Amino acid sequence: MDASTSTEWDFTYRSRRTARYATVVAALFVIAHVAVGILLRVSDTGVRFRITDQIGLAMIGVVLGGAIMTLTLPRIRVGRSGVAVRNILGERVFDWADVEGIWYPDSGHWARLELPAYEHVPVMAIQANDGLRAVEAMDTFRELLTRYRPEAAQE
């Protein structure tokens, strides 16, 4: 099933704190690299820095900032057609027949979507650092699980 074929989702969740932290850290990386790039030619250290070196250092900061911003991508969507889990590298959509539940490991940082045959998929959107909001997301997911797949709730 393709994620673009189904546009009806009853529940969408993203981590707020991680997105905020990632945005701040990415901005700091960019600012620091741009500042160091500008200051490269302020004093004579015996090394000849050129404009291209300054631009290159600033661009390294932009690339690192962009890489950090990928931490804002994780999302989970739940609807009649199934569960869509998007982590950093892509989105996977699971039919309700394949979903057995969701749980949170004792020492984990994020939730896991249970699949048949003891398989699981990390759900990076539901993270421990969101606290009560993450607990509410787990409860909402479980309510939708009982609505769309009642036999999974009884197992």
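Me: In which strand does E114 have its place?
Reply: E114 belongs to strand β6, residues 110-115. Strands here are DSSP runs of E with at least two residues, helices are runs of H or I with at least four, and both are numbered from the N terminus. Before we go on: this is a predicted model, so local features need pLDDT of at least 70 and side-chain atom pairs count only at pLDDT 80 or more, while totals for chains, interfaces and linings use all residues. Residues are numbered from 1 along each chain as its sequence is written, and side-chain values use heavy atoms, with hydrogens and water left out.

Me: Why is E114 called partly exposed?
Reply: Its relative accessible area is 30%. Buried means under 20%, exposed means over 50%, and partly exposed is in between (1.4 Å probe, protein chains only). So 30% puts E114 in the partly exposed class.

Me: What is E114 in contact with, leaving aside its neighbours within four places in sequence?
Reply: D98, V99, E100, G101, I102, W103 and E119. Contact means heavy atoms within 4.5 Å.

Me: What makes A117 and Y118 stand out in phi?
Reply: Most residues other than glycine have a negative phi. A117 has a positive phi of about 60 degrees and is not a glycine, and Y118 likewise has a positive phi of about 60 degrees without being a glycine. You'll find A117 in the loop between β6 and β7 (119-127), and Y118 is in the loop between β6 and β7 too.

Me: How do you know that A117 and Y118 are exposed?
Reply: A117 has a relative accessible area of 63%, so it counts as exposed. Y118 comes out at 86%, so exposed is the word there too.

Me: Why is R149 called buried?
Reply: R149 has a relative accessible area of 10%, so buried it is. R149 is in the loop between α3 (132-148) and α4 (150-154).

Me: How many helices and strands does the chain have?
Reply: Four helices and seven strands.

Me: Why is the chain called more spread out than a compact globule?
Reply: The radius of gyration, taken over C-alpha atoms, is set against a globule rule of 2.2 Å times the number of residues to the power 0.38. For 155 residues that rule gives 15 Å, and the chain has 21 Å, well over it, so the chain is more spread out. Its C-alpha atoms fill a box of roughly 75 × 35 × 25 Å along the principal axes.
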